[in-house]
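Thanks for coming, everyone. Let me put today's protein up on the screen, and then we'll walk through it together.

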Amino acid sequence: MVSVTEEDLQNKSKGELIKLAGQLRDRRNELNQQASKRASKRDDLNAKTREKVDEAQEHREKRDELNEQVQEHKKLRNELNAEANELFEQVEDRKSDLELDEGKDLEQLKKEIEELEFKQQTEVLSTEDERELIEKIEAKRDEYQSRKGKLEQSDDLEGLVEEAEEVRAEASTHHEKVTELADSAQQHHNKMIEAYREADDIRDDADEMHESFVEAQEAADQHHEDFVRVQKRLRELDKKEEKERKSEKAKEREEAKAEAEEIYQQFKEGETLDTEDLMKLQKTGLL
């Protein structure tokens, strides 16, 4: 850094001040170039910061859009699950009404009836035993017909089960979509966070570069102010020298005039003048 004090301005010679002014000017220009380069780098970094912020904002918007879709599919999934649950409850109620989960199947009942009938046909029974056997056969036949009727009534139950399963499957499809969209939204969220972090890092670099720019610019301004001070002092010295030169010339003219008047007086008194004396008279306008 080139510096100048008030003492320097008052005590240094004109030549020294001219040299100092050149140093100040050169250093000022150098610092201005540094400041310009740093300002350009700062602006580039600020532009990159804005790019990263824009990138982060794009990820934010995409994340929010995906999250909205997640909520839509969640709503549909929940509605369909509720509908499926209701259908399955209807299935269970129908089964309970038809008592399909209780008792023997038709084949078992048919086999038992056939065994009882075979016993009736092949064994010698007392009147009382045969009567009991006949009652058992009739009871089994009634149970068989009742069971068969219930099963015939349950034909629409299969359709209800199928409908419930289809609704549940559709709900599962929406659940898979919820998972897929939520994963994608999380990816965009992570990218948004990363972009904001990078933007903060670049902004920090831009701030440091701005501080460096201000430092160089302030130093350049200080050198310019000192340069102006030296230039002002040089102008003062120039004026002082000019004044001194004029004063010296005036003094010389007065002395020449006085000498010429003395020579002229000698000439009037009849003294002979040489060439140099004549020239002095001509120069002062006395001849």
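So, to start: what percentage of the 287 residues of the protein chain count as buried? It's 24% of the 287, where buried is under 20% relative accessible area, exposed is over 50%, and partly exposed is in between, with a 1.4 Å probe and protein chains only.

A word on what we're looking at. This is a predicted model, where local features need pLDDT of at least 70, side-chain atom pairs count only at pLDDT 80 or more, and totals for chains, interfaces and linings use all residues. Residues are numbered from 1 along each chain as its sequence is written, and side-chain values use heavy atoms, leaving out hydrogens and water.

On confidence, pLDDT is the predictor's own score for each residue, from 0 to 100. The protein chain averages 85, and 87% of the residues score at least 70.

Now the fold. We have 6 helices and 0 strands, so the pattern along the sequence reads α-α-α-α-α-α, given that helices (H or I, at least four residues) and strands (E, at least two) are DSSP runs, numbered from the N terminus. Helix 2, residues 14–98, has the highest mean pLDDT of the elements, at 93. Helix 6, residues 275–284, has the lowest, at 70.

Next, charges. In general, side chains of opposite charge can pair when their charged atoms come close. The rule here is a side-chain nitrogen of Lys or Arg within 4 Å of a carboxyl oxygen of Asp or Glu, and by that rule we get 20 salt bridges.

Let me show you a few. Lys52 pairs with Glu198, with the closest N and O atoms 2.6 Å apart. That pair links distant parts of the chain: Lys52 sits in helix 2 and Glu198 in helix 5, 146 residues apart. Glu198 is partly exposed, at 23% relative accessible area.

Compare that with Arg203 and Asp200, both in helix 5 and 3 residues apart, about one turn of the helix. Their closest N and O atoms are 2.8 Å apart. Arg203 counts as partly exposed because its relative accessibility is 32%, and Asp200 counts as partly exposed at 40%.

Then there's Asp43 with Arg42, at 3.1 Å between the closest N and O atoms. Is Arg42 buried or exposed? Arg42 is buried, because its relative accessible area is 16%, whereas Asp43, at 38%, is partly exposed. And Glu6, Asp226 and Arg229 are linked in a network of salt bridges.

Last stop, the surface. There's a patch of negative charge there, and its members include Glu83, Glu86, Asp93, Glu158, Glu162 and Glu170. Helix 2 and helix 5 (155–268) are the elements that give two or more residues to this patch. Which helix gives the most? Helix 5 does, with 6 residues.

For the record, patches are made of residues with over 30% relative accessible area and no salt bridge, with like charges joined within 9 Å and nonpolar side chains (Val, Leu, Ile, Met, Phe, Trp, Tyr) within 5 Å.

Glu86 lies in helix 2 and is partly exposed, at 48% relative accessibility. Glu162 lies in helix 5 and counts as partly exposed at 47%.

Note on methods
Accessible areas come from the Shrake-Rupley method with a 1.4 Å probe; for residues, only the protein chains shown count as cover. Lys and Arg count as positive and Asp and Glu as negative; His and the chain ends are not counted. The place of a charge is taken as NZ of Lys, CZ of Arg, CG of Asp or CD of Glu.
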